[in-house]
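Hi,

Here is the structure I promised to pass on. Have a look at it first, and then read my notes below.

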Amino acid sequence: MKITAAVARAKSSPLSIETLQLENPRPDEILVRIVATGICHTDIAMRDQTYPVPQPIVLGHEGAGIVQTVGASVSKVAPGDHVVMSFDSCGRCDSCKDHQPQYCFSNFEYNFGGKRRDGTSPLSKNGEVIHGNFFGQSSFATFSLCHERNVVKVRHDAPLELLGPLACGIQTGAGAIINSFKLGPGHSLAVFGAGTVGLSAVMAARLVGATTIIAIDLFEERLTMARELGATHTINARNEKAGDAIKRITGNGVNFAFETTGLPAVIRSGIDSLAPRGICGMVGAAPDGTEVALDTQSMMGRGQSLRGIIEGDATPDVFIPQLLELYLQGRFPFDRLVKFYSFDQINMAIEDSEAGRTIKPVIRMPI
């Protein structure tokens, strides 16, 4: 079938809106009409070749839409179901068997390989192979093929066009607080970066009763948003050193630091802001080979930890419906982060995200 898609053809260049051919779903695939899809910094990093994904490729990994047809072996969803598409996984490795699919042994292959599991792509243009299956979906398109492993059924009465970001950015931030850190009443948290991921962490920290929630950013308008969403303190890192300010606020440092930028200096600042036995979690997409200087003696002596977190340690089938229910109850207002754009404005949306003008751009597809 013919679809319209945004294709990344060159490093750091605008996406081009093109007509492509999408294959019919195979027995294990699901055809989804995309209603809307979020733009994540991972999409931008892949366009810019921070990681060497093949090009030309259709990116997009926060898709929300309506199931059109399903392959013969699919039983999880049916035509007409409303769904959100998250990350893909193999379902067979030790991590997947242990209900930790985000640490799938084939994570890179399944999500960044730009191809199906058999090496083919479902996308083409006049005989030219266009790489697809990004995060098991490639949702910068009017239609997408996904899999039972990465599709999540959601309520029909929820605003579907809003739900795509639950699949990655919001799941990552909220999940780190609730699943990875298991934050609770009396705990303190410093969030480095008040974008989608960081602000989702702020909302989740307020939800679970954290006592001290500190947001750090360079943009005052984002710090204002952080205060409105639950931050008890904010720090503008343009004006003062985050570590000094955090120690002044807390006395001994925070129980948890959450680093969203991927910048080595910020990661180190997160570690230095910890109290004894504190944990720093990092989720920022740094280029391959990025290294961080650590004071190992200080970390060992204070019992501190640094750990990577992928997708908020969440099982999407469980966590996404939970976040949606909290939103519908008015307890997790992630809609405050979203600004909508039309499909033909996708490059503008990316530019606004990079410039900090928009926290979470969401692309609406033409009906």
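Which residue lies over the face of Phe340? That one is Arg364, at 3.8 Å from the ring centre. Before you go further, keep in mind that this is a predicted model.

The charged end of Arg238 sits over the ring of Phe219, and the distance to the ring centre is 5.4 Å.

Now for the rings that pair with each other. Searching the whole structure turns up 9 aromatic pairs. One of them is Phe112 with Phe135: the centres are 5.1 Å apart and the planes stand at 80 degrees, so this pair is edge-to-face. Phe112 belongs to helix 3 (residues 107–112), while Phe135 is in the loop between strand 8 and strand 9 (143–147), so the pair ties together parts that are 23 residues apart in sequence. Both Phe112 and Phe135 are buried.

Phe181 and Phe258 make an aromatic pair that is edge-to-face too, with 6.3 Å centre to centre and 90 degrees between the planes. Here the parts tied together are 77 residues apart in sequence, because Phe181 lies in the loop between helix 4 (169–180) and strand 11 (188–192) and Phe258 in strand 14 (residues 254–259). Phe181 counts as buried at 6% relative accessibility, and Phe258 does so at 0%.

Going back to Phe112 and Phe135, you will find them in a cluster linked by ring pairs, together with Tyr51, Phe108 and Phe134.

Next, a serine to click on. Ser89 is in the loop between strand 6 (82–85) and helix 2 (94–97). With a relative accessible area of 1%, Ser89 is buried; the cut-off is under 20%. The side chain of Ser89 makes a polar contact of 2.8 Å with the side chain of Arg149. Neighbours within four places in sequence aside, the residues in contact with Ser89 include Cys96, Cys104 and Tyr110, as well as Arg149.

Where are its edges? The sheet is open and has 5 strands in the order 4-1-2-7-8, with antiparallel pairing. Strand 4 (57–58) and strand 8 (128–130) are at the edges; each has a single partner strand, so one side of each is left without a neighbour in the sheet. Further in, strand 1 (residues 2–8) pairs with strand 2 (residues 16–22) over 6 bridges, in the antiparallel sense. If you want a spot to look at there, Ile3 stands opposite Leu20 in strand 2.

Cheers

Note on methods: Residues numbered from 1 in each chain as written. Predicted model: local features only at pLDDT ≥ 70, side-chain atom pairs only at ≥ 80, totals over all residues. Heavy atoms only, no water. Helix = DSSP H or I, 4+ residues; strand = E, 2+ residues; numbered from the N terminus. Buried < 20%, exposed > 50% of the residue type's maximum accessible area, 1.4 Å probe, protein only. Polar contact = N/O pair within 3.5 Å; in protein donor to acceptor, adjacent residues only side chain to side chain. Contact = heavy atoms within 4.5 Å. Pairing = 2+ DSSP bridges. Phe/Tyr/Trp six-rings, centres within 6.5 Å; stacked < 30°, edge-to-face > 60°. Lys NZ or Arg CZ within 6 Å of the ring centre and 35° of its normal.
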